Amino acid sequence: MSTVQPTRPWVATTADRVRDGLIFVVSIAISYGLVAATPLKGKLAYFFTFFAILTLANGLNGFLRYGFAAAKDAAIKTLVGVGALLTVMPIASILATVISKGYKGIKPNLFTQDMSLATPTDPLNNGGILHAISGTLILVFLSLIMSVPLGILTALYLTEIKGRFSKPIKFLVQAMSGVPSIVAGLFILSAVLYPITKGYSGFMGALALTILMIPTVARTSEEVLNLIPQDLREAGTALGGTQWRTVAMIVLPAARSGLITAMILGVARIAGETAPLLLLTGGGDKVNGNPFHDPIGSLPYYIWKSFNAGSEEAITRAWAGLLVLVVLILILFTTARFLSTRKVSR
Amino acid sequence: MLSMTTAPAPREITTQPRRSDRIFRRVVTAGGLSSLVILSLITIFLAYRGFEVLRQEGLRFITSSQWSITTDDAGNVVESHFGLAAMLVGTILCAFIAVVIALPISVASALFLNFYSPQWLKKFLVAVIDMMAAFPSILFGIWGFLVLMPSAEYWAKILNHHLGFIPVLKIAPYVVTRSPFVAGVVLAIMIIPIITSVSREVFSQTPLDRIQAAYALGATRWGMIKAVVLPYGRSGVIGGAMLGLGRAMGETVAVFTVLNIVFQVNWHILLGAGGNVASLIILKFGEASPYEIKALMAAGLVLFILTLMVNAIADLIVKKTGKSGR
């Protein structure tokens, strides 16, 4: 007596794979031929002919084997893949350019000197970005200590208190994340710099960055706090804890790594912010450790200044600065990802 | 004899929060209201600083495109005209081009991530796209200027060559450098991650039973997407596009590097003359007199209100997800 063997018709067979591979190869060949035979030329023409032919070929294959619906399905599958490719292509190009152009500007003196005795157009072994790195660190640190309490309090209001302002505050936080960075800069200029301090300083820049950072911190923290099981809060209350003790001793520690992720994402959001710094920090060329007095340099400002100087050395400087900035953001992002994989600790 | 110990007085049972809790709730509420405070302060201060210019120019501030200021030797303002029309048209034009380019690509890649991609690739791509959203705008600006612009100009010429009969695609005089089209392409690349992640989120909320019902009725994958996923996620995708539009309107540095600012309303997207409110502020800020700074504050206010409105509409539309569809 024979039993019916279960089959898995949805898994691609070797024949399917070979057929797909053949279609791919044939499409490349045809599009090469087309680009060579017709007046079309260039990478763009090649790219588009290839994907048009591939879409058609996949569609035709589907049509011949299963009919019209399958043809549409196969063609759409190709188009959707092209969409994903188009999304990733710019980022690949950006990373490749930053690395290939930036590494030339990475010299030992880059990290030990500032630009007080050099101009962007000088040879690359003169001057560095010490002032910019120290300035960016100071700015980020200041905005961190201002925005994290406000951001986390906002998140706590939305998750723990759930008062009658919850809906409007959610809406406002969303709206705040769309505030253009230049508007944040103008606001600090009009509200603090002109009437009170009357001079460029790092603190002004940090204030503007705080405005841009709060929504990121608030929204990420809210998501994290929502993931903390309700049981933990009930357990805290059942043991006689007040709400304050429950939040401070149970909810926040449980959400710790998630909250750190929120801070890191906030820092990544503002580390490369340029426009408000152009208005507020004055962009000094000397290392300045005092954020409350005198212009302060920062990586984005340095990149901007070098890029606008225009000579070959200056542009290389700009790419080197961008490389440092991108590496910084990549490190922050990887750390955040690593931490958020274990969202609830203990 | 055992001395009588007095029993502790029974604790009063009450639903009133303790004092520590009252303080806690007040502090948290105060912190929670910070977004409201900051947003209102922005509006108040920009309006206050820009008031003089707004009153003097009236409606001309958004209908005329002249931007000039003359001062005498003592630095007094003799004559001034501030109009944002060209800048506003340019801002909306660039943002619109960006959304038109970015939307189909984003929806395609969101569909790919949710319904076509293998798990390992999906994880990797989501990480990459999220990271791209955090890249600083100055990076896009410089990359756009030095790497993308030569290609984008070539595309503009091809577009003009084949579709030049469409009015907005005319180029006269023949200048294609630093056109709104180039700025739109750069902005599109910047907002693709935003629209993609909103769409992906919305598509992934599609009820599984509807998806399985479609498959059970014999639908192909595309048939299922067309009948179930797209109608369900439509409002979410539109909201995501609006969010991208708002981001594109407020973008400063990236646009400033690739756009040629001209104080004249220009609807020809391939012509190298455009406008942008945020870039205007950066452009004029350096050598602006105190009076012109006030005009820039007013311009900032207009930009702020514009982006706020777009964002608010986007938010409302995204929230409606799932109410449409079959």
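Analyst: Here is a quick tour, from the whole chain down to one residue.
Analyst: This is a predicted model: local features need pLDDT of at least 70, side-chain atom pairs count only at pLDDT 80 or more, and totals for chains, interfaces and linings use all residues. Residues are numbered from 1 along each chain as its sequence is written, chains are lettered from A and ligands numbered from 1 in the order in which they are written, and side-chain values use heavy atoms, with hydrogens and water left out.

User: How many helices and strands does chain A have?
Analyst: Chain A has 13 helices and 0 strands. Both are DSSP runs numbered from the N terminus: helices are H or I with at least four residues, strands E with at least two.

User: And what box do the C-alpha atoms of chain A fill?
Analyst: Roughly 80 × 70 × 35 Å, along the principal axes.

User: How many of the residues count as buried?
Analyst: 52% of the 346 residues in chain A. Buried means under 20% relative accessible area, exposed over 50%, partly exposed in between, with a 1.4 Å probe and protein chains only.

User: Switching to charge. How many positive and negative side chains?
Analyst: Chain A has 28 positive and 15 negative. The centres of the two sets lie 5 Å apart. Lys and Arg count as positive, Asp and Glu as negative; His and the chain ends are not counted. Each charge is placed at NZ of Lys, CZ of Arg, CG of Asp or CD of Glu.

User: Now A:Val82. Which helix is that in?
Analyst: A:Val82 sits in helix α3, residues 68–102.

User: Is A:Val82 buried or exposed?
Analyst: Buried, because its relative accessible area is 12%.

User: How far apart are A:Val82 and A:Ala71?
Analyst: They are 11 residues apart in sequence and 17 Å apart in space, C-alpha to C-alpha.
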